[in-house]
Amino acid sequence: MKPRMSLLLCLSVGVATALPAVAHHSFPAQYDINKPVTLTGKVTKVEWTNPHIFIYVDVADDKGSVVNWAFEMGGPNSLIRQGWKRDSLKPEDTVTIEGSLARDGTHLVNARTVAVDGKKLFAGSQGGEAPAK
Amino acid sequence: MPCLNSHRRATVALVSVALAILCSTAALPAAAQWVGYPTAGVPRKADGSVDMAGPVPRLPDGKPDFSGIWTAGNPAKPKEGGDKAGNGNDIGSSRYMANMGADMKDGLPYQPWLIPIVKERTANLALDDPHIRCLPDFFLRAYGLPHMLKFVHTPGILVVLDEMNAGYRQVFTDARALPDSPTPAWQGYSSAKWFGDTLIIDTIGTRDDSWIDWNGSVITEAAKIREEMRRVDFGHLEIKVTVDDPKAYTKPWTVTLKQRIVVDAELIDEVCLENEQFVKRMGLEAKDKSSAK
C-alpha cells in the first residue's frame, strides 16, 4: 500500500471528531474563529517543523491573480500520531483547506482540515477552541 | 602457526555472525517508528482494553513504580480524558492549565502586587507567556498542559522527561537534605522520601516569575512546594500539591492534579525553537527587547 493511500485510509473517517486540539500559543490572539475560510490551490512549500507545521499554497482569486497563502497546522508529533508523514503533502499537490483567517489581515490561516485527493484530513490545529478557563 | 589459525577461525566466526544478523534484520518487515509499539507489562481486560484499575507496578525495592507516560486526566471528567488509557493521539489538558485556582472559591490567594499582573496577562491572552517563547514549562504547569510526560523511576531517582522542548526534571529519591541557599533553576531542586506508598517530594530553588498557568499566575524564589505523589492503580497518578510562597500568595494553597497513563506510544520531538513564528508574526520581538532593558 502506498503511503499516501495508507494515510488517507487512516484519516478519512471521523475527521471532525474529537481529535486533539494542541497549540503552543493562544488561538484567539492570532486568529478569528468568526472568519472561516475555505481556499483551494497548489502547495508550493511544506515546512515540517516544530512547534507547528506550515504549508504554503498558491491560491488564485476570481480575477486570476495568484497569492501565496500560509497555513498553520498542528505539530509534527501530533500529526505523526494521526498517520501523517513528512511527505504526505508535497509541492504541486492540489489541496482545499478549511480554517480561520488571521486577525491582522495577512494571508495567514489556521488550518482545521486539509483535503487532498478528495479526502479531508485533520490538520491538527486548534479549530478555534480557546484554552478552557 | 596455531596463533594465526586461531585468529582466522575467530574472524570467520565473527563474519558469519555478522552475516546472520544482517540477513535476519533484512528479513524483518519495516517497523513503525514511535507510534503503536506495544508497551510492555500493561494489564489488559478480556476485550484488550487497558485495565486502568489493575495493580500498581513495583520497583525492585517493593515501592510503587511511577514509570510510564502520563498525561493530564481526570476519571470524573470526560473532557479531561475520562477513564480510558491514552494512546498519544488523544492527549488533552486539564482545567488547571488555564487556572491553577479553578477549584478554589475565591481563586488563588494572590499578594496585592500580583493581582494586576495576572489580570493583564489574562486579558491579553498570555502574550507574555514564557511558554510561547519556547522556555521550559515549570513542572506544576506541565502536569496540565497537552504534552506528554515520561516518568523514568529507579530506586535512587525519578526523572521526568517532558515532550515539550526535550525538557527534564530530576527528583532525588534518597531523601537528601535540601540546600540552604539554592541557586534558582527552571524546575527547582527536589528531594523525596517515602511515606508508605506515597512519595513526598519537597522542592525549593525555583525561579522568580515561573508561570504555573495560562492566566499568568506564578511562583517565586521563595516558594516551598510539597507534592504527595501516589499511583492509585495502574492507570492513575494523583499528585496533591501544596504551595507555600509568601512572596506571591497570602497563604499556602493546595490543589490535587491527576494524571492518566498513556500506552503504546512514545515521546516525539517537539522542539519549539525550531520554527516558532507566533512571536514574530504578532510583533512581540520589539516588546520583548524593550522589557529586557
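Q: A residue is buried if 20 or more other C-beta atoms lie within 10 Å of its own; by this rule, what share of the 133 residues of chain A counts as buried?
A: The structure is a predicted model. Chain A has 133 residues, and its secondary structure comprises 3 helices and 6 strands. The share of its residues that counts as buried is 41%.

Q: In what order do the elements of chain A run from the N terminus on?
A: Chain A contains 3 helices and 6 strands. Among its contacts between residues at least 6 apart in sequence, 59% join residues at least 24 apart. Read from the N terminus on, the order of the elements is α-α-β-β-β-α-β-β-β.

Q: How many contacts does the stretch of residues 126–133 of chain A have in the model, beyond near neighbours in sequence?
A: Chain A has a mean pLDDT of 79. Over residues 126–133 of chain A, however, the pLDDT is below 50. Beyond near neighbours in sequence, the contacts of this stretch in the model number 21.

Q: How many residues does chain B bring to its contact with chain A, and which helices of chain A each supply at least two residues to the side of chain A that touches chain B?
A: Chain A brings 20 residues to the contact, and chain B brings 29. By class, the side of chain A that touches chain B has 8 nonpolar, 9 polar and 3 charged residues. The elements of chain A that each supply at least two residues to this side are helix 2 (27–30) and helix 3 (76–81).

Q: In what order do the 9 strands of the chain B barrel close?
A: The secondary structure of chain B comes to 5 helices and 11 strands. Of these, 9 strands close into a barrel with mixed pairing. Neighbouring strands of this sheet are turned by 30 degrees against each other on average, direction ignored. The order of the strands in the barrel is 1-2-3-4-5-6-9-10-11.

Q: Do strand 9 and strand 10 of chain B pair in the parallel or the antiparallel sense?
A: Strand 9 and strand 10 of chain B form a hairpin with 2 residues between them. Over 9 bridges, strand 9 (residues 224–233) and strand 10 (residues 236–244) of chain B pair in a sense that is antiparallel.

Q: Which residue of strand 11 of chain B is the bridge partner of B:Val243?
A: Strand 10 of chain B pairs with strand 11 (residues 253–262) of chain B in the antiparallel sense over 8 bridges. Within strand 11 of chain B, the partner of B:Val243 is B:Trp253.

Q: Which residue of strand 9 of chain B is the bridge partner of B:Ile201?
A: Strand 6 (residues 198–204) of chain B runs antiparallel to strand 9 of chain B, and 5 bridges join them. In strand 9 of chain B, the residue bridged to B:Ile201 is B:Glu227.

Q: Why does B:Met100 count as buried?
A: B:Met100 lies in the loop between strand 1 (68–72) and helix 2 (114–123) of chain B. Beyond residues up to four places away in sequence, B:Met100 touches B:Leu108, B:Ile212, B:Asp213, B:Ser217 and B:Val255. B:Met100 counts as buried because the number of its C-beta neighbours inside 10 Å is 29.

Conventions:
Residues are numbered from 1 along each chain as its sequence is written. Chains are lettered from A and ligands numbered from 1 in the order in which they are written. This is a predicted model: local features need pLDDT of at least 70, side-chain atom pairs count only at pLDDT 80 or more; totals for chains, interfaces and linings use all residues. pLDDT is the predictor's confidence in each residue, from 0 to 100. Two residues are in contact if their C-beta atoms, placed from the backbone, lie within 7 Å. Two strands pair if DSSP finds at least two bridges between them. Helices (H or I, at least four residues) and strands (E, at least two) are DSSP runs, numbered from the N terminus. Ala, Val, Leu, Ile, Met, Phe, Trp, Tyr, Cys and Pro count as nonpolar, Asp, Glu, Lys and Arg as charged, and the others, Gly among them, as polar. A residue is buried if 20 or more other C-beta atoms lie within 10 Å of its own, exposed if 12 or fewer, and partly exposed in between; C-beta atoms are placed from the backbone. Axes are lines fitted to C-alpha atoms, for helices over the stretch in contact, and angles run from 0 to 180 degrees between N-to-C directions.
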